[in-house]
Amino acid sequence: MSLVEQRNRFLSFAFTSADILVETDSSCRITYTAGAVAALGSSQAGTDSDGVGDPLESRIDRTSRPILKALVRRLKPGHRLGPVRITIDGREAQLCGWSLGDDSRIRWSISFNAMHAPDDVDPQAFERSAEGAIASARNTGTDMAMSVLRIEAGDDIERLIGPANAEQLRTSVAASCALAIGNDGVARQIDAARTALIHARSVDLAGLRDEVMATLKGFDLGEADVRIESVCDAPELEPEIAVQAFLHAINEAADSGKALDVISLQETADRLMHETRKRMTELRTTIAGRVIEPHAQPIVDLETGKVHHYELLLRLPGGRPIEESVGFAESTGLIHEIDYAMTEIAAQFLRDDFDRPALAVNLSGKSLTNMAWAKKFLALLADLKIDRSRLMFELTETASVKNIKAANNVIAKIRERGHAVCLDDFGAGAAGFHYLRDFPADVVKIDGSYVRNASRSERDTILLRGMIDLCNALGTETVAEMIESEASAKLMRELGVRYGQGFYFGKPVALKELKDPRINKTRAA
């Protein structure tokens, strides 16, 4: 075979697995490119070229540059680097590198993915990837572990080094984690200090710690420490349960401040995961078996004093509240099942008698951004044989909505089917003014803290008036919650609030007792 034929053969092999071939010198400055070079981003001068002479990092997205640097730090002659995920002009690609060792050149291959749903579009991407990684490893007999990498800097990292440097540090740590666990592992940063890792037990965690420590020193955080705590996979748990329990155990351990230095992390995690699994099973059984006693609290028209609708509340038998269980359901993913079950209960209540009062069902933002749940939920709504104006939905703020687009799509379809949508707890936590901008809502429920304080705080009254005026200007009706006195009800009406909710109008009553609105009379404002 001639040299030309050999060259053509190897180039053909190369391009079956890569879109672009890049050669760089030891400083990662491009010396040669081939293939779909036009997709290699823009040059430093802002014009398209073959890239020769440019640093390779200038041709990839800023957030991926720490990954490239981490790859180069791991460079060993005769060893392949990667593959790792990077982005070029927002498009995801896989990057691999190779150094023969007989010269100073590094050869890179770049392959663009045909389709990718990033975490901000698909919030369940990490959970699904982690479940898949565990299931695949179990099938091949690979021992897996779940770890938490924690940076202990003594203070908030952003406060110590500034927002820009903190973001660069975050991407650098993410790059180191991704390279350490390889393509078969999964990583997700929980917050600025903690990263969850699902990986093979053979991964060199000590090497990862040393690399992150070196990165911290580069950001003048030499006094900071890095701890990596690990637990073995629990094969007796289904992959989905194992991942959900692991994530919940991480947060519970952090919130409780449990002394992991006294009891081994393995024992603590095993116990927490056992408790989590038990609680998840109990809660799932409670929901599926309808071992609950939904209650309803009236929401009143402040002008007429008549009940407009009732908010449906999840309660255990005897009316016992289960706020803690709702929070637990949020963190483990069971909130989807609660939201679906409460919608079914409300639909059945309204379907049994067309004279029954209207209801509002709470929907978690976490449910709205779950694609599989949304499809099932919208199918349920499509089959309802009720007056749709008598069933509305409240978007709760207990789980911060990160994927505005996905949630908004579901909300739009709910409204298209004739159901009103209310934004709950407006003004509290993450439910700020951007909610009004991002979500097409019919009603806004103002957080009760403003209502409670309005009569004794001029500042809160001014803020409250501003919220109400803004909603009215947008054509959005308002509900004031936590109204507990006649004076408070009068003030809300004077400020322009349309509806009121609180103990002044009535405490929650069992849904089974709520057969006719005339039975449960409320006070007129």
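User: How many aromatic pairs does the structure hold?
Analyst: Three. Keep in mind that this is a predicted model.
User: What's the geometry for tryptophan 373 and phenylalanine 377?
Analyst: That pair is stacked, with 4.6 Å centre to centre and 15 degrees between the planes. Both residues lie in helix α12 (residues 371–382), four residues apart, about one turn of the helix.
User: Are those two buried or exposed?
Analyst: Tryptophan 373 is buried, and phenylalanine 377 is too. Ring pairs also link Trp373 and Phe377 with Phe393 into a cluster.
User: OK, and why is the pair of tyrosine 504 and phenylalanine 505 edge-to-face?
Analyst: Because their planes are at 70 degrees, and over 60 counts as edge-to-face; the ring centres are 5.1 Å apart. Tyrosine 504 and phenylalanine 505 are both buried.
User: Which ring does the charged end of lysine 507 sit over?
Analyst: The ring of phenylalanine 503, 5.5 Å from its centre. Arginine 356 has its charged end over the ring of phenylalanine 349, 4.6 Å from the centre of that ring.
User: Switching to the sheet: what's the strand order?
Analyst: It's an open sheet of five strands, β2-β1-β5-β4-β3, with antiparallel pairing. β2 (30–35) and β3 (80–88) are the edge strands, each pairing on one side only.
User: How many bridges join β4 to β5?
Analyst: Six, between residues 91–98 and 106–112. Cysteine 96, for instance, has serine 109 in β5 as its bridge partner.
User: And which strands does helix α2 touch?
Analyst: Helix α2 (residues 65–73) packs on the sheet and touches β3, β4 and β5. Its direction makes about 170 degrees with that of β3.

Terms used. Residues numbered from 1 in each chain as written. Predicted model: local features only at pLDDT ≥ 70, side-chain atom pairs only at ≥ 80, totals over all residues. Heavy atoms only, no water. Pairing = 2+ DSSP bridges. Helix = DSSP H or I, 4+ residues; strand = E, 2+ residues; numbered from the N terminus. Contact = heavy atoms within 4.5 Å. Axes fitted to C-alpha atoms, helices over the stretch in contact; angles between N-to-C directions. Phe/Tyr/Trp six-rings, centres within 6.5 Å; stacked < 30°, edge-to-face > 60°. Buried < 20%, exposed > 50% of the residue type's maximum accessible area, 1.4 Å probe, protein only. Lys NZ or Arg CZ within 6 Å of the ring centre and 35° of its normal.
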